[in-house]
Amino acid sequence: MTGPLAQVRAACAAGARTVPQIARATGLNRDVVQGAVDHLVARGGVAALPLTTGCPPGACDGCALWSRFCRPRRLQLRA
Amino acid sequence: MSRSSQGRRPATLPVMCLVGPPNVGKSTLFNALTGARATMGNWPGTTVEVARGTWRLGDGASATLVDLPGAYSLDAASPDEQLTAELVADPDSDDAPDLTIVAVDAAHLSRSLYLVAQLRELPRRLVVAVTMPDVAHRRGLAVRPAALAGHLGVPVVEIDPRHRTGLAELAQTVTAAAADPVPPARTPVAGIAEADDERFAWIAAAVAAGTASDGQVQTRWSDRVDRVVLAPVLGPLVFLAVMWGVFQLTTAVAVPLQDLLGDFFAGPVSQGVAWGLGGLGLGGTWVQGLLVDGVIGGVGMLLSFTPLLAIMFALLALLEDSGYLARAAVLTDRVMGLLGLPGRAFLPLVVGFGCNVPAIAATRTLATPRQRLVTVMLIPFTACSARLTVFVMLGTVFFGRWAGTAVFVMYVASIILVVVAGLVWRSALWRTLPDEPLVIDLPPYQVPTLRLTGAVAWTRLRGFLQTASGIIVAAVILVWLVQAIPVTGGTFGHVEVEDSLYAWLARGVAPLFAPAGFGSWQTVSALVVGFVAKEAVISSWGQTYAIDNPGNIAALGDHIQAAFAASSGGHPLAAVAAFMVYLLAYTPCVATLAAQSREIGWRWTGVGILVQLATASAMAILVFQVGRLIV
């Protein structure tokens with residue numbers, strides 16, 4: 001029998017992209033999935049991509065809008 | 001709280017360590033337990049700061065409580081975590097505590113329990129303090145301390161340090177546990193991955209046994225919404241419907257405002273400048289031509305689109321702030337899999353729909369040069385906001401109340417173009433590109449705030465205004481200069497535009513576009529100027545047709561319709577559709593090319609230009625030749 005980490009990894013490989021999707025695919029508790037994802041990200045087995053408003057990291061360099069109009073920060077959505 | 005150098009341990013009091021992941025309320029708990037009897041200082045031999053205080057346990061008993069740096073696990077990733085791991089896990093340490101209190105977050109129990117799982121594999125006295133029960137209750141989750149303790153094999157106490165509840169029970173539990181024998185340790189499984197998996201299985205069982213849910217946690221309303229908007233078939237349909245609504249609402253609301261602003265530039269602004277120049281003795285000179293026909297005719301025409309862009313940016317910012325646009329981005333991630341691109345590539349492509357330049361810079365987050373190359377090649381096919389401006393204008397002129405639908409069709413065409421081009425690039429260059437499992441952390445849905453929506457929309461609108469006041473002004477002056485040079489009649493600054501160098505040059509190129517139905521010099525010249533910046537297509541038309549009514553949108557629309565009708569042999573709708581497709585696919589603006597060359601070099605940038613020109617030409621000819629059979 002495979003454990004939660006292996007199940008989460010398999011669900012990611014099968015196309016699940018969010019914690020609720022992985023929870024549905026594995027039948028695991030959502031909090032357990034979140035914990036497993038955090039652990040896998042810390043171990044380097046899974047990449048995590050937080051989606052916030054604004055441009056992604058590295059996009060400022062060379063952007064025509066940055067120098068005069070953007071501030072060197074990203075707008076964050078409320079938690 | 002005073003500061004002092006930390007000694008090792010006072011001789012008489014038992015030492016208890018407080019550990020736990022960051023942000024579980026550990027320091028709040030420490031302060032509640034020790035009050036003002038605490039000191040701060042570096043742990044001896046390290047630069048790690050810890051707090052130490054005396055905890056009155058009751059019945060005259062006390063203990064020294066040490067608040068150690070937060071740590072998710074005993075696998076240290078920083079000097080702070082290293083100290084925590086050494087103190088609580090090293091069996092030979094002189095500083096090993098008599099008892100360890102692990103603070104865990106009731107609302108995120110699984111994330112907190114990994115440290116407990118590791119500590120339970122060591123012969124240690126442990127007490128688990130479950131914090132933030134109020135937050136968990138609001139999420140419909142309740143911890144059952146006795147059941148959780150039964151599974152973990154150590155005492156569990158629920159506390160709320162902020163409201164000072166459970167502190168006495170914690171003191172009693174700790175006092176009793178300190179007097180008990182050390183509980184037997186769990187036997188770890190061999191192998192790092194296997195051990196991790198076993199610990200999470202243990203955690204999952206503990207969470208199942210030790211918590212009760214009223215169902216809200218598993219079926220939040222946002223989850224139910226996500227099941228629809230992220231569904232494989234329904235999700236894209238919802239996204240397309242939303243985007244159609246955005247473009248339709250934009251054109252319906254903005255066009256009257258745009259007409260008002262256009263009339264303002266065509267009337268008071270043009271007449272005022274002409275009157276002022278007349279007062280200075282410059283009336284009828286080339287200076288008036290430059291300012292009225294050039295700058296006001298070109299830049300003023302472009303600025304009349306400000307209300308339209310303001311509304312579109314505000315609507316998109318509303319979607320962004322609500323959390324929906326992030327869901328739409330997840331749908332794009334599936335397309336990346338189809339293209340064999342890594343999931344991470346979707347973010348630069350999504351950004352490309354705003355502006356190609358930052359999108360190209362964002363490809364640096366991709367892991368390999370191949371991934372970056374393919375993504376950079378695809379980004380120019382995304383319909384940036386500059387192209388959308390031209391689409392809106394043409395949609396308004398040619399499709400009336402269906403303008404929003406016309407823009408929406410171009411938006412969808414852009415997505416299809418990215419997919420097809422991606423498949424071609426992949427089959428031509430690399431069959432597979434390495435990927436890694438990806439999890440997307442979606443923001444919660446929320447009611448959009450006026451402040452954030454306004455800030456995002458304004459930032460983008462300012463970008464448009466910057467372009468209009470910078471590179472577009474330069475392009476307008478250059479176009480005016482070329483239009484002022486006579487070739488077939490007139491003198492400098494006093495020449496009909498069709499007799500100018502501008503028209504003469506454009507006539508030389510125009511026949512190449514005849515198969516696509518827009519082989520008139522007025523149309524082709526706008527495309528060439530659009531190489532500088534796509535918005536310059538509009539400003540150049542504004543200048544070319546500015547002879548009678550500089551800045552007048554309705555008059556400009558009549559001129560453009562006539563030009564397309566003439567060049568297409570009476571099929572203007574097919575021709576304008578072909579023109580819009582060409583504009584979507586052909587060479588991006590100079591800023592984008594500069595960004596491309598910086599990321600992938602001039603050789604691949606050159607290849608990209610050739611591919612885009614060939615793609616744009618083939619598609620435009622196909623659209624016109626098929627379209628003329630229909631309309």
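Mentor: The model is predicted. Chain B contains 25 helices and 11 strands. Of its 631 residues, 54% count as buried. The accessible surface of chain B is about 25300 Å², with 65% of it supplied by carbon and sulfur atoms. Taking contacts in chain B between residues at least 6 apart in sequence, 74% join residues at least 24 apart.

Start with helix α15 (residues 369–378) of chain B, which packs against helix α25 (residues 590–627) of chain B at an angle of about 50°, the axes being 10 Å apart. That angle is why α15(B) counts as oblique to α25(B). The crossing of these two helices is right-handed. On the α15(B) side the contact uses L373(B), V376(B) and M377(B), while α25(B) contributes Q596(B), E599(B), I600(B), W604(B), V607(B), G608(B) and Q612(B). By type, the residues of this contact are 6 nonpolar, 3 polar and 1 charged.

Now the second pair. Helix α19 (residues 471–484) of chain B and helix α20 (residues 501–509) of chain B cross at roughly 95°, and their axes come within 5 Å. The two helices are therefore roughly perpendicular. Here V479(B), V482(B) and Q483(B) of α19(B) meet L501(B), Y502(B) and L505(B) of α20(B). The residues of the contact between α19(B) and α20(B) comprise 5 nonpolar, 1 polar and no charged.

Definitions and conventions
Residues numbered from 1 in each chain as written. Chains lettered and ligands numbered in written order. Predicted model: local features only at pLDDT ≥ 70, side-chain atom pairs only at ≥ 80, totals over all residues. Heavy atoms only, no water. Axes fitted to C-alpha atoms, helices over the stretch in contact; angles between N-to-C directions. Helix = DSSP H or I, 4+ residues; strand = E, 2+ residues; numbered from the N terminus. Parallel < 35°, antiparallel > 145°, perpendicular 65-115°, else oblique. Left-handed = near helix turned anticlockwise from the far one by under 90°. Contact = heavy atoms within 4.5 Å. Nonpolar A, V, L, I, M, F, W, Y, C, P; charged D, E, K, R; others polar. Buried < 20%, exposed > 50% of the residue type's maximum accessible area, 1.4 Å probe, protein only. Areas by Shrake-Rupley, 256 points an atom, 1.4 Å probe, with all protein chains shown as cover.
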